[in-house]
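Good morning, colleagues. Please take a moment with the sequence and the model before I go through them residue by residue.

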Amino acid sequence: MDTQTVTALVETVEKSRARAAEDTSRLSELADALTRLGVAYNNQGEFPDAVATIEEAADTWRRVGSAKDLAASLTTLSGYYAAIGLDDEAAAVAKESAELTQPGRE
C-alpha cells in the first residue's frame, strides 16, 4: 500500500471514530477501519503504528462483544508482537485468541 492509501485509511478511522462516539452501535465500523489501517501500517513497515492500531482494534472488538472478530485481531496482534520480538506478549494474545475460538463460544 502506498502513502495515499494510508492517508485515506487514517481519514476513514477518524470519521469512524467520530461516528462511534455519537452512536456506539457503530463501534464495529471503527474496529474494521482500525484493522485495515493497522495492516496498512504493517505493510509499510511502520511497526509501532501497526501494533498500536491493532491493539486499539482489539480493544474496540472487546467493547463490541464479538469473540470471532476479537480473536482475529488478537491473532494479527500476536504476529506483529512476534515480528518485533515481544514473544511473551505474542504468546499471551495467541492464547487468548485460541480460547475465544473454543467450541461453544459466541
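Predicted model: local features only at pLDDT ≥ 70, side-chain atom pairs only at ≥ 80, totals over all residues.

I begin with Leu-34, which is buried at a relative accessible area of 1%; buried means under 20% relative accessible area, exposed means over 50%, and partly exposed lies in between, with a 1.4 Å probe and protein chains only. Residues are numbered from 1 along each chain as its sequence is written, and side-chain values use heavy atoms, with hydrogens and water left out.

Leu-34 lies in helix H2. Helices here are DSSP runs of H or I with at least four residues, strands are runs of E with at least two, and both are numbered from the N terminus. What does Leu-34 contact, leaving aside its neighbours within four places in sequence? With contact taken as heavy atoms within 4.5 Å, the partners of Leu-34 are Val-13, Arg-17, Thr-53, Ile-54, Glu-56, Ala-57 and Thr-60. Helix H1 covers residues 3–22, and helix H3 covers 47–64. From Leu-34 to Ala-72, 38 residues away in sequence, the C-alpha to C-alpha distance is 13 Å.

Glu-29 is also found in helix H2. Glu-29 is partly exposed, with a relative accessible area of 24%. Not counting residues up to four places away in sequence, Glu-29 touches Ser-16 and Arg-19.

Let me turn to the exposed positions. Ser-25 sits in the loop between H1 and H2 and counts as exposed at 56% relative accessibility. Ser-25 and Val-6 are 19 residues apart in sequence, and their C-alpha atoms are 25 Å apart in space. Pro-48 belongs to helix H3 and is likewise exposed, at 66% relative accessibility. Between the C-alpha atoms of Pro-48 and Ala-33, which are 15 residues apart along the chain, there are 17 Å. For Pro-48 and Glu-29, 19 residues apart along the chain, the C-alpha separation is 23 Å.

Next, helix H4. How many residues does helix H4 have, and how far does it reach? Helix H4, residues 67–83, has 17 residues and reaches 24 Å from its first C-alpha to its last. That is close to the 24 Å expected at 1.5 Å a residue, where the expected span is 1.5 Å times one less than the number of residues. Its buried residues are Ala-67, Leu-70, Ala-71, Ser-73, Leu-74, Leu-77, Ser-78, Tyr-80 and Tyr-81. An α-helix has 3.6 residues a turn, so residues three or four places apart point the same way. The cover over the buried residues of H4 includes helices H2, H3 and H5. Just after H4, Gly-85 takes a positive phi of about 85°.

Helix H5, residues 87–100, holds Ser-97. Is Ser-97 buried or exposed? Ser-97 is buried, with a relative accessible area of 6%. Beyond its neighbours within four places in sequence, Ser-97 is in contact with Ala-71, Leu-74 and Thr-75. Ala-71 and Leu-74 are themselves among the buried residues of H4.

Finally, the chain as a whole. The protein chain has five helices and zero strands, in the order α-α-α-α-α along the sequence. With 106 residues, a compact globule would have a radius of gyration near 13 Å, and the 14 Å of this chain agrees; the radius is taken over C-alpha atoms, and the globule rule is 2.2 Å times the number of residues to the power 0.38. The C-alpha trace spans about 35 × 35 × 15 Å along its principal axes. Of the 106 residues, 35% are buried. Among contacts with a separation of 6 or more, 48% join residues 24 or more positions apart. Thank you; I am glad to take comments.
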